[in-house]
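Please walk through this model with me. We start with the overall fold and end with the aromatic side chains.

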Amino acid sequence: MTLSGKISTEIGVHATAAKWFNFQLTQLHQVQHLTDHVHETRLHEGEDWHHHETIKHWTYVIDGKVVKAHEKIESVEEEKKTIHYKLFGEDIEHSFKVFKLIFQAIDKENGGAIVKWTFEYERVGEEVDPPYGYVEYFHKCTRDIDAHLLKE
């Protein structure tokens with residue numbers, strides 16, 4: 001059995017891809033105020049929340065359990081409205097050797113957008129399940145954030 005994998009999910013949203021990309025790039029620190037699934041976000045290292053060298057500390061709920069992790073932006077592709085994140089440390093390192101998250105916002109022809117979340121991971125052992133709980137978590141957070149973006 002392989003320990004590496006990739007899971008993707010696409011979620012139809014009402015806000016535009018530009019609004020979504022802008023939120024992820026410049027307002028992500030607000031997410032703790034928009035969804036009950038994120039308990040806390042704070043800077044761990046660095047002074048600018050959205051700089052690629054900054055490390056953020058997250059506390060959130062996956063499968064009913066409180067999880068803590070660090071996150072860092074690895075790359076941004078503005079023309080594709082794509083951001084690559086690396087999650088590491090704290091609870092993540094107990095289950096995954098590698099855990100990467102890719103966000104992409106894609107405009108739909110008839111308005112709104114598709115938010116695509118891709119999880120690339122390598123588990124520390126076969127006793128660790130693939131991160132399916134993250135799919136549910138990001139679906140819930142995406143719905144909450146979309147409601148907020150529609151009010152702007």
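The paragraphs below go from the chain to the sheet, then to the helices and selected side chains.

This is a predicted model: local features need pLDDT of at least 70, side-chain atom pairs count only at pLDDT 80 or more, and totals for chains, interfaces and linings use all residues. Numbering starts from 1 along each chain as its sequence is written, and side-chain values use heavy atoms, with hydrogens and water left out.

An unreviewed UniProt entry annotates residues 2-152 as "domain: Bet v I/Major latex protein". Such annotations use the numbering given here, have shortened feature names, and may be inferred rather than shown by experiment. Over residues 2-152 the chain is 23% helix and 46% strand. Its end C-alpha atoms are 44 Å apart. Helices (H or I, at least four residues) and strands (E, at least two) are DSSP runs, numbered from the N terminus.

Two strands pair if DSSP finds at least two bridges between them.

Look at strand 7 (residues 113-123). It pairs with strand 6 (residues 96-107) over eleven bridges, in the antiparallel sense. One of the bridge pairs is Ala 105 with Val 115. Contact means heavy atoms within 4.5 Å.

Strand 6 and strand 7 form a hairpin with five residues between them. Gly 111, in the turn, has a positive phi of about 100°. Strand 7 also runs antiparallel to strand 1, joined by ten bridges. There, Gly 5 has Tyr 121 as its bridge partner.

Val 76 is found in strand 4. Is Val 76 buried or partly exposed? Its relative accessibility is 36%, so Val 76 counts as partly exposed. Buried means under 20% relative accessible area, exposed over 50%, partly exposed in between (1.4 Å probe, protein chains only). Leaving out residues up to four places away in sequence, Val 76 touches Phe 21, Leu 25, Thr 82 and Ile 83.

Finally, the rings. The structure holds 13 aromatic pairs. Rings of Phe, Tyr and Trp (its six-membered ring) pair if their centres lie within 6.5 Å; planes under 30 degrees apart count as stacked, over 60 as edge-to-face and the rest as tilted. Tyr 60 and Tyr 134 pair edge-to-face, 5.9 Å centre to centre, with 70° between the planes. Tyr 60 is in strand 3 and Tyr 134 in helix 3, 74 residues apart. Both are buried. Phe 96 and Tyr 121 are also edge-to-face, at 6.0 Å and 75°. Phe 96 lies in strand 6 and Tyr 121 in strand 7, so the pair ties together parts 25 residues apart in sequence. One aromatic cluster includes Tyr 60, Phe 96, Tyr 121 and Tyr 134.
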